[in-house]
Amino acid sequence: EGQGVHEESGLKFPVLDPRGIDQQTRAHLLNMKSHSRPEQVFQAISKVVVEAQQQGIIASPPPIVGRIHQEMGLGMTKLQNAMKLASVDFPAPYNLAIVALLSVHMLLTPVAVIAWAKTVAFSGFFSFVLVFCMFGLMQLAAELDNPFRDSGFGFDKDLVQQKLNKALVTILLEERRPVAHLSSSADLIGATDLEVIQARMEQSVYERNSMTSMISVMPNQVPSGH
């Protein structure tokens, strides 16, 4: 039911049953001028949890319900940390300095290599390798600086969203199943059986320790002379 959404819905990622939300809330969230969708969803879920607790729908004790708000707060903190990587760029003066140094390196490398290279082919090959490595390291650093950019080597956001949807579907299907109970044919262990099992475990641990100590002492024994 509602495994995905179409492009006209205004969402970039496939979500579960977006049409299950009321029209007013959906229109407010899908507003193109809105730049705080995560915060709005966070507040909406918090209100739903509080109202469900007040109406008795959520019958868990307050400490258990408080964990819901705590986990959501941790999620928002992680979101803000990820937004720092996506929105805060590397300082422009450093970028300009790196580009300038790489340009100088690219111009001076052939001049330095030609002094000890025997042929022009070797000079061009070694110059290309050196310059390519330096520019490749620069591009690698740029990818690590912002892994959320839309590039072939960036963070696969669609794959993460698909895994999240599968996990949510699994949880929803698990909620429909009855609570697990022990069957009538289950082998119940009494207190006496537990004491026997514990005594056997302690005996096995004692025997293992004794064997280990004997093995450690045997190499230290010096044979007597003839």
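Figure 1. Glu71 forms a salt bridge with Arg67, in which the closest N and O atoms lie 3.0 Å apart. Side chains of opposite charge can pair when their charged atoms come close. Glu71 and Arg67 are separated by about one helical turn, because they stand 4 residues apart in helix 3. The structure as a whole holds 1 salt bridge.

Figure 2. The residues of helix 3 that are buried are Val65, Met72 and Met76. What covers these buried residues of helix 3 includes helix 2 (37-54).

Figure 3. A search of the whole structure finds 4 aromatic pairs. In one of them, Trp116 and Phe126 form a tilted pair, with 5.4 Å from centre to centre and 45 degrees between the planes. Trp116 is exposed, with a relative accessible area of 55%, while Phe126, with a relative accessible area of 30%, is partly exposed.

**Figure 4. Close-up of the stacked rings of Phe122 and Phe126.** The ring centres of Phe122 and Phe126 are 6.2 Å apart and their planes meet at 20 degrees, so this pair is stacked, given that planes under 30 degrees apart count as stacked. Phe122 and Phe126 are separated by about one helical turn, because they lie 4 residues apart in helix 5. Phe122 counts as partly exposed, at 48% relative accessibility. Ring pairs link Phe122 and Phe126, together with Trp116 and Phe125, into a cluster.

**Figure 5. Close-up of a nonpolar surface patch that includes Met106.** Val104, Met106, Leu107 and Leu108 form a nonpolar patch on the surface, and together these residues have about 390 Å² of accessible area. Met106 is found in helix 4, where its relative accessible area of 38% makes this residue partly exposed.

**Figure 6. Overview that places the close-up views in the whole protein.** The predicted protein contains 7 helices and 0 strands, and along the sequence these elements follow the pattern α-α-α-α-α-α-α. Of the 226 residues in the protein, 10% are buried. The accessible surface of the protein comes to about 18,900 Å², and 65% of this surface belongs to carbon and sulfur atoms. Among the contacts in the protein with a separation of 6 or more, 38% are accounted for by residues 24 or more positions apart.

Methods:
Residues are numbered from 1 along each chain as its sequence is written. This is a predicted model: local features need pLDDT of at least 70, side-chain atom pairs count only at pLDDT 80 or more; totals for chains, interfaces and linings use all residues. Side-chain values use heavy atoms; hydrogens and water are left out. Rings of Phe, Tyr and Trp (its six-membered ring) pair if their centres lie within 6.5 Å; planes under 30 degrees apart count as stacked, over 60 as edge-to-face and the rest as tilted. Buried means under 20% relative accessible area, exposed over 50%, partly exposed in between (1.4 Å probe, protein chains only). Helices (H or I, at least four residues) and strands (E, at least two) are DSSP runs, numbered from the N terminus. Patches are made of residues with over 30% relative accessible area and no salt bridge: like charges are joined within 9 Å, nonpolar side chains (Val, Leu, Ile, Met, Phe, Trp, Tyr) within 5 Å. Accessible areas come from the Shrake-Rupley method with a 1.4 Å probe; for residues, only the protein chains shown count as cover. A salt bridge is a side-chain nitrogen of Lys or Arg within 4 Å of a carboxyl oxygen of Asp or Glu. Contact means heavy atoms within 4.5 Å.
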